Amino acid sequence: MEKESPLLDEASLENTIRDIVSKIQNDADSKPEELEKIKALIKKNVPFFTRSAFAAYILREIANGGAKRTEKKARAEFRKEKVNAGAASEAPAKREERAVPEGARTLYLNIGKMKHLYAKNLSEILQKELGITREDIYSLRIHDKYSFITMSEENCNKAIEVLNGKEINGRKAEVNFSNR
């Protein structure tokens, strides 16, 4: 024995049907040409003996659709709350942006993410090649095809000398001062 869905309450469906019929008969704002186009499409695509089942299916979807949308909305809100609650307690602390000291310069590097260059890799390369520490690199911004490196002017000059022409991830590096 199948249990009837609470969404398919017979009385509410009857009211919905009456409302639709009333709107069809009395609504002066309805556009009859639109309804005629839809009716023609139904006649063309729905076999005659299936049309009442088609109408019943549409009515059921309308009745369930509102509940499904509400359920989806509730799930989305729950996920948001869970993420926000988790973010406050479990998320690792986001690195604070350091203020760039006066005299710092920004370099342009012609290699980016498309050549599989990421901030961690670039930081390691700079530390190894220039003999600097992580704290000497003020910021790294890696884009798809290029990167920006902000350091002291002294380290920037050293980077231009050492890295220009060096192969990084299969591409010849071109390093110069950024125009930004």
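## Basis of the description

Residues are numbered from 1 along each chain as its sequence is written, and side-chain values use heavy atoms, with hydrogens and water left out. In this predicted model, local features need pLDDT of at least 70 and side-chain atom pairs count only at pLDDT 80 or more, while totals for chains, interfaces and linings use all residues.

## Packing of α4 and α5

Helix α4 (residues 119-130) packs against helix α5 (residues 153-163) at about 90°, with the axes 10 Å apart; helices are DSSP runs of H or I, at least four residues, and axes are lines fitted to C-alpha atoms over the stretch in contact, with angles running from 0 to 180 degrees between N-to-C directions. The two helices are therefore roughly perpendicular (65 to 115 degrees).

Ile125, Leu126, Glu129 and Leu130 in α4 meet residues of α5 including Ala159 and Val162 (contact: heavy atoms within 4.5 Å).

## Ser123

Ser123, in helix α4, is buried at 12% relative accessibility (buried: under 20% relative accessible area; exposed: over 50%; partly exposed: in between; 1.4 Å probe, protein chains only). Beyond residues up to four places away in sequence, Ser123 touches Arg134, Ile137 and Leu140.

## Salt bridges

The whole structure holds four salt bridges (a side-chain nitrogen of Lys or Arg within 4 Å of a carboxyl oxygen of Asp or Glu). One of them joins Glu129 to Lys166, with the closest N and O atoms 3.5 Å apart. Glu129 lies in α4 and Lys166 in the loop between α5 and β4 (167-168), so this pair ties together parts 37 residues apart in sequence. Glu129 is partly exposed at 27%, and Lys166 is partly exposed at 30%.

Notes
Angles under 35 degrees count as roughly parallel, over 145 as roughly antiparallel, 65 to 115 as roughly perpendicular and the rest as oblique.
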